[in-house]
Amino acid sequence: MSSGTGVREGCELPFGTTGKASTPTSLTEQEQQMNKVAKLTRQLQMMTNERNELSIILANFTNNDLNNRLNFELEVLNMEHKKVMVDLEKFPNEISEALNKCKELTEETVSCSILHSQLLSEWTHLKEKVSILREENRKLRGEQISLQESCEEMRRLCGEAHEKIYDLWAKEKQHHLRELHSSINTSSTKDIL
């Protein structure tokens with residue numbers, strides 16, 4: 001801030017203004033010119049001070065110091081350059097290793113792809129076999145049910161045949177027993193006579 005005007009240094013005010021509230025009596029042209037001159041004087045003084053500081057710094061910075069600094073920076077650059085060159089020398093080996101790894105991975109991928117194709121083919125074949133076996137199993141169950149029904153029918157027929165045979169045998173036995181009994185009776189009557 002400039003002393004007395006309330007205006008920042010380096011800021012230009014429009015012609016006829018001072019930064020103060022306007023008063024009924026305005027500043028004369030001569031006062032305005034004086035304010036401008038004071039402002040320019042302050043700016044010139046600041047620039048002179050900065051120039052003097054830079055001159056002192058430059059005077060303290062001798063050629064020897066400059067050479068030492070340049071040598072140091074050159075040394076740092078050389079070290080960085082060597083490091084970059086070492087890294088660059090490693091690149092071919094790293095690229096070669098990466099290519100070998102890629103080749104191995106490609107071979108492994110091809111091998112996995114072939115194995116996957118084989119397994120997929122086997123899986124499809126087994127799926128077809130399972131489908132065929134399920135169909136055969138369904139037919140066998142049908143045949144089993146049919147055989148069970150036939151067995152039940154045979155049991156029933158055998159049971160009926162057994163009953164008929166047993167009835168015939170029982171009748172035949174009774175008939176023989178009667179005849180035997182009757183022949184015994186006849187013979188005993190003859191003996192008695």
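What share of the 193 residues in the chain do buried residues make up? Buried residues account for 3% of the 193 residues, where buried means under 20% relative accessible area, exposed over 50% and partly exposed in between (1.4 Å probe, protein chains only).

This is a predicted model, in which local features need pLDDT of at least 70 and side-chain atom pairs count only at pLDDT 80 or more, while totals for chains, interfaces and linings use all residues. Residues are numbered from 1 along each chain as its sequence is written, and side-chain values use heavy atoms, with hydrogens and water left out.

The chain has two helices and zero strands; these are DSSP runs numbered from the N terminus, helices being H or I with at least four residues and strands E with at least two. Helix α1 (residues 29-60) has 32 residues and should span 46 Å at 1.5 Å a residue, which agrees with the 47 Å between its end C-alpha atoms. The expected span is 1.5 Å times one less than the number of residues. Two of the 32 residues of α1 are buried, so the helix lies largely in the open.

Rings of Phe, Tyr and Trp (its six-membered ring) pair if their centres lie within 6.5 Å; planes under 30 degrees apart count as stacked, over 60 as edge-to-face and the rest as tilted. By this rule there is one aromatic pair. The ring centres of Tyr166 and Trp169 are 5.8 Å apart and their planes are at 35°, so the pair is tilted. Both residues lie in helix α2 (residues 63-192), three residues apart, about one turn of the helix.

| Residue | Relative accessibility | Class |
|---|---|---|
| Tyr166 | 49% | partly exposed |
| Trp169 | 47% | partly exposed |
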